[in-house]
Amino acid sequence: MKCLSYQNVRLLLRHCAHRSFLHPGKELHAVLTTSGLKKAPRSYLSNALFQFYASAGEMGTAQKLFDEIPLSEKDNVDWTTLLSSFSRFGLLVNSMKLFVEMRRKSVEIDDVSLVCLFGVCAKLEDLGFGEQGHGVAVKMGFLTSVKVCNALMDMYGKCGFVSDVKRIFEELEEKSVVSWTVVLDTVVKWEGLERGREVFDEMPERNAVAWTVMVAGYLGAGFTREVLELLAEMVFRCGHGLNFVTLCSMLSACAQSGNLVIGRWVHVYALKKAMMMGEEATYDDVMVGTALVDMYAKCGNIDSSMKVFRLMRKRNVVTWNALFSGLAMHGKGRMVIDMFTEMVREVKPDDLTVTALLSACSHSGMVEEGWRCFHSLRFYGLEPKVDHYACMVDILGRAGRIEEAEILMREMPVPPNEVVLGSLLGSCSVHGKLEIAERIKRELIQMSPGNTEYQILMSNMYVAEGRSDIADGLRGSLRNRGIRRIPGLSSVYVNDSIHRFSSGDRSHPRTKEIYLKLNEVIEQIRSAGYVSDLSGLVSHSEGDLEEKEQALCCHSEKLAVCFGLLETKPRTPLLVFKNLRICRDCHSAMKIVSKVYDREIIIRDRNRFHQFKGGSCSCSDYW
């Protein structure tokens, strides 16, 4: 070490940071500390060590080293490094607090600092802090910087202030391709695809991000053919290769929309690209592989998700979490528990791992396994978070152990949030615990007075208890306040196109055929034993029974399945996506439809997947 100059040591640390050599960098840190060289005046070794840890994401150590550096030896680069590292590794509030400290200590603010600040505000959708940053940029003359203006526009766009984005864009003397892309992303998000396509066509130059924005927009709207046309133009005619960022963005859009057709196209593209690059494995491969695992699971193909997972040469904790979450959604809780021992030999679990484990136990009715997972948190150096308590309350509630769930909730170190309370209220509804439900409802109304779901759930419970007068009062109160229930929407993919239905929908071009098929299906499943389940409906009078049965028959998932039966060949699986939880009546009907028509029907509702086959469901009627 004596033969190395301070400059050479700093170069070594920068090399470790650049190459992500964490272990050698830590060894060098130990040598510098034990030898006393780290404290040598004007050596700037602490600065180099701080920047090494910041680049590696070891933010606790980085913050400690940063605080130890004398203020006179901290330059603008050190402050900006910490600011951007907080942002990059998700410590967004820390980044904002640091910016305030920089202003208080009169640290020089540059364009990099402002770009970082606006990026943080965009992620948090914090308009107030972003506007203060805007004021700083104006005062210091940074609105001449295209990079600062682009970040500022992105912040306003993420917060939904389209007019501000357009105003700043129009005032720009130099409009870069990034400037245009920010405007495009804002317009697609807030003004729709049609207006977004107009901006896209106006762009003098398009980068891969702009193409991805349009592809993701069409994906979300279900326009598969348009997506394929855009991808063909983007990749084959314009020569924009898909890098790992755009691949992951597209796979994420496929996962959200359930578009397996495009998801498979992206997978094939990624495989071909990997073959062209040879056998070299990079961290990017892990990111794309993880996105594929997530996409296949959320598109209903858990077998392909598992296959991709097993073929990955490198995996990290995010990969494992994606697989566990997917398996949980598909009701494969036992498989998650069995694979957990394999995971801990490979990576260290984090908070999201435990959430996925508990979710798997919840969806599979595995109460004791859930308790074991919850109590093992500290063994892995983790502290129970609100999400973990929410999962345990859900596990106990689903199993009918409502009183035990409430006790656990009251013992939480922090007050229960809307998720925890809502989960317990749902369990009270299933198991008829009206007294506890009333207590929970009062707390929920204080938290979220505009949420209709809780009120409707309570009205259903009152009807079940024979107290229709109270139920009618609740519904009347909602109507008087102009509050409407979120409509149920179901989507089905048929012939590479998405078809969406709402309850009682008659807007589809083939409505007449769909309703004729619906009548046939209802007649067939009634012959096989189907009886309408009215328990989830509030009855205002005895005379509207037939009307309510008709309303049940026209639920969105039933219409989507009938259209699928019309348009696909016999024995073709049907995949339906619903925005709300599937009701008990539709769940019962789909089991019989799968048997009568010899079809596998997969429905992804708000909570999980239901795989109906041969008259039964993968959830074993536990959801």
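Trainee: Is histidine 267 buried or exposed?

Mentor: Histidine 267 is buried, with a relative accessible area of 16%. Buried means under 20% relative accessible area, exposed means over 50%, and partly exposed lies in between (1.4 Å probe, protein chains only). Please keep in mind that this is a predicted model, in which local features need pLDDT of at least 70 and side-chain atom pairs count only at pLDDT 80 or more, while totals for chains, interfaces and linings use all residues. Residues are numbered from 1 along each chain as its sequence is written, and side-chain values use heavy atoms, with hydrogens and water left out.

Trainee: Where does histidine 267 lie, and what does it touch?

Mentor: Histidine 267 lies in helix 16, residues 260–277. Helices (H or I, at least four residues) and strands (E, at least two) are DSSP runs, numbered from the N terminus. Not counting residues up to four places away in sequence, histidine 267 touches Leu292, Tyr296 and Val308, where contact means heavy atoms within 4.5 Å.

Trainee: And where is cysteine 238 found?

Mentor: Cysteine 238 is in the loop between helix 14 (224–237) and helix 15 (244–257). With a relative accessible area of 40%, cysteine 238 is partly exposed. Its contacts are Trp211 and Glu233, leaving aside neighbours within four places in sequence.

Trainee: Changing topic, how many salt bridges does the structure hold?

Mentor: The structure holds 30 salt bridges. A salt bridge is a side-chain nitrogen of Lys or Arg within 4 Å of a carboxyl oxygen of Asp or Glu. One of them joins the side chains of glutamate 346 and arginine 315, at 2.9 Å from N to O. That pair links distant parts of the chain, 31 residues apart: glutamate 346 is in helix 20 (residues 333–346), and arginine 315 is in the loop between helix 18 (302–311) and helix 19 (317–329).

Trainee: How accessible are glutamate 346 and arginine 315?

Mentor: Glutamate 346 is partly exposed at 36% relative accessible area, whereas arginine 315 is buried at 18%.

Trainee: Which residue pairs with lysine 558?

Mentor: Lysine 558 forms a salt bridge with aspartate 585, at 2.7 Å from N to O. Lysine 558 is in helix 31 (residues 556–567) and aspartate 585 in helix 32 (residues 584–596), 27 residues apart. Both lysine 558 and aspartate 585 are buried. Elsewhere, salt bridges with shared partners join Glu406, Arg410, Glu435, Arg439 and Glu443 into one network.

Trainee: How do helix 18 and helix 20 sit relative to each other?

Mentor: Their axes come within 15 Å and cross at roughly 5°. Axes are lines fitted to C-alpha atoms, for helices over the stretch in contact, and angles run from 0 to 180 degrees between N-to-C directions. Helix 18 and helix 20 are therefore roughly parallel, as angles under 35 degrees count as such, over 145 as roughly antiparallel, 65 to 115 as roughly perpendicular and the rest as oblique.

Trainee: Which residues make that contact?

Mentor: Helix 18 contributes Met306, Phe309 and Arg310, and helix 20 contributes Met335, Met339 and Glu342.
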